[in-house]
Amino acid sequence: MRAILLALPLSVAALIGASAAECSYNSGYTRGCLNGSVYAGSPVTDMDPDATKMANDADYARGYREGVRQCYIDTLNTMGGRLGGGGR
């Protein structure tokens, strides 16, 4: 019983860490997805990535890159293959 009680705080800490990483990834993915859509020609406003997070948070940076890539492809497919022109 004591071993279970000692392991519980470690399990909770692991869950908190996982959810923080997931939250960071999702934040980056959301911003990257918006920009990917803009790069593909969607008429929405883009948002610069958080430069500090891009440099210091691997989960955010990975989410941002994957969001750009996936949403760029999805937007091109949705718009019938029309190439960029949106964005800056």
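This is a predicted model: local features need pLDDT of at least 70, side-chain atom pairs count only at pLDDT 80 or more; totals for chains, interfaces and linings use all residues.

Student: What makes C33 and C71 a disulfide?

Tutor: Their sulfur atoms are 1.8 Å apart, and the cut-off is 2.5 Å, so the pair qualifies. A search of the whole structure finds one disulfide.

Student: Why is the disulfide of C33 and C71 called left-handed?

Tutor: Because the torsion about its S-S bond is about -90°.

Student: Which parts does the pair C33 and C71 tie together?

Tutor: C33 belongs to helix 1 (residues 2-39) and C71 to helix 3 (residues 58-78), so the link joins parts that are 38 residues apart in sequence.

Student: How do you know whether C71 is buried or exposed?

Tutor: The relative accessible area of C71 is 7%, and buried means under 20%, so C71 is buried. For C23 the value is 53%; exposed means over 50%, so C23 counts as exposed.

Student: Why is N35 called buried?

Tutor: N35, a residue of helix 1, has a relative accessible area of 0%. That is under 20%, so the label buried applies. Leaving aside neighbours within four places in sequence, N35 touches D46, M47, D48, P49, Y64 and V68.

Student: What else does E66 touch, not counting residues up to four places away in sequence?

Tutor: E66 touches Y29 as well as Y25.

Student: Why is E66 called partly exposed?

Tutor: Its relative accessible area is 27%, which lies between the 20% and 50% cut-offs, so E66 is neither buried nor exposed.

Student: How do you know that R62 and D59 meet in a salt bridge?

Tutor: The N to O distance is 3.9 Å, and the limit is 4 Å, so the pair counts. Both residues lie in helix 3, three residues apart, about one turn of the helix.

Student: What makes R62 and E66 a salt bridge?

Tutor: The closest N and O atoms are 3.8 Å apart, so this pair is also within 4 Å. Salt bridges that share partners join D59, R62 and E66 into one network. The structure holds two salt bridges.

Notes
Residues are numbered from 1 along each chain as its sequence is written. Side-chain values use heavy atoms; hydrogens and water are left out. Helices (H or I, at least four residues) and strands (E, at least two) are DSSP runs, numbered from the N terminus. Buried means under 20% relative accessible area, exposed over 50%, partly exposed in between (1.4 Å probe, protein chains only). Contact means heavy atoms within 4.5 Å. A salt bridge is a side-chain nitrogen of Lys or Arg within 4 Å of a carboxyl oxygen of Asp or Glu.
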